[in-house]
Amino acid sequence: MMINNDIVSFDKLVYVFEIDDVLYPKQDYLLQVYYLFSNFVEYTEGRSIAKEMVDYMKKTFEDLGEHEVLPKTIMYFGLNEAYLENFERLKANAHLPLKLILTDNIKKILLSLFEQGKQVGILTDGNPVEQLNKLKHIDWQELARFLPSLKVFFIRELIFRNINPIDFLKEEYQVSADEISIFKEESLKF
């Protein structure tokens with residue numbers, strides 16, 4: 001999702017952002033996980049398949065989407081189903097070889113918001129461990145000085161506790177719903 005700096009209204013009090021496909025393209029994280037996983041499989045299996053596997057995973061991701069990558073890869077390479085658990089653990093806790101880079105637009109928007117003294121947070125869906133890991137691997141550059149004021153909220157945890165995320169944000173920031181602006185991937189629902 002590209003957020004155009006010209007269409008962001010800076011008249012709200014609170015701005016919350018999803019991580020994936022808002023702060024950076026989600027595929028930047030996944031492709032690194034695929035690389036790490038393929039090297040793990042190559043080492044474990046003792047077969048020279050890492051390059052072919054990562055290429056296959058990337059192509060499957062581009063053609064069929066994230067959810068098809070692992071099942072198709074396991075079937076194509078004749079791997080044991082036990083690799084599913086290894087992959088999920090790696091995906092949640094991966095130590096990435098490269099930093100995740102904020103898009104220029106989002107960097108400008110965040111910098112403007114912080115400089116204007118706006119409340120800025122992260123409202124993210126997905127596995128909380130994985131989402132925190134992604135935040136750890138973002139190269140915040142000039143935004144690093146503002147990180148102590150950045151609050152992180154997990155949709156799944158809120159819903160598990162039967163709390164509506166918007167209601168929670170209203171209470172957390174002591175504002176009405178119309179004072180909150182949320183930037184998320186179009187398909188995210190809660």
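Guide: A residue counts as buried under 20% relative accessible area, as exposed over 50%, and as partly exposed in between, with a 1.4 Å probe and protein chains only. This is a predicted model, in which local features need pLDDT of at least 70 and side-chain atom pairs count only at pLDDT 80 or more, while totals for chains, interfaces and linings use all residues. Residues are numbered from 1 along each chain as its sequence is written, and side-chain values use heavy atoms, with hydrogens and water left out.

Visitor: Why is threonine 60 called buried?

Guide: Its relative accessible area is 6%, and the limit for buried is under 20%; threonine 60 is therefore buried. Threonine 60 belongs to helix H2 (residues 50–64). Not counting residues up to four places away in sequence, threonine 60 touches Gly65, Glu68, Val69 and Lys72, where contact means heavy atoms within 4.5 Å.

Visitor: How do you know that the buried residues of H8 lie on the same side?

Guide: In helix H8 (residues 165–173), the residues Pro165, Phe168, Leu169 and Tyr173 are buried. They cover an arc of only 110 degrees around the axis, and therefore lie on the same side of H8; the arc is that of the directions from the helix axis to the C-beta atoms. Among the elements that cover them are strand E3 (119–124) and helix H7 (155–160).

Visitor: What is found at the start of H8, and what follows H8?

Guide: At the start, a side-chain oxygen of asparagine 164 comes within 2.7 Å of the backbone nitrogen of isoleucine 166. Glutamine 174, with a positive phi near 55 degrees, follows H8.

Visitor: How much of the chain counts as buried?

Guide: Of its 190 residues, 43% count as buried. The chain contains eight helices and six strands.

Conventions. Helix = DSSP H or I, 4+ residues; strand = E, 2+ residues; numbered from the N terminus. Polar contact = N/O pair within 3.5 Å; in protein donor to acceptor, adjacent residues only side chain to side chain.
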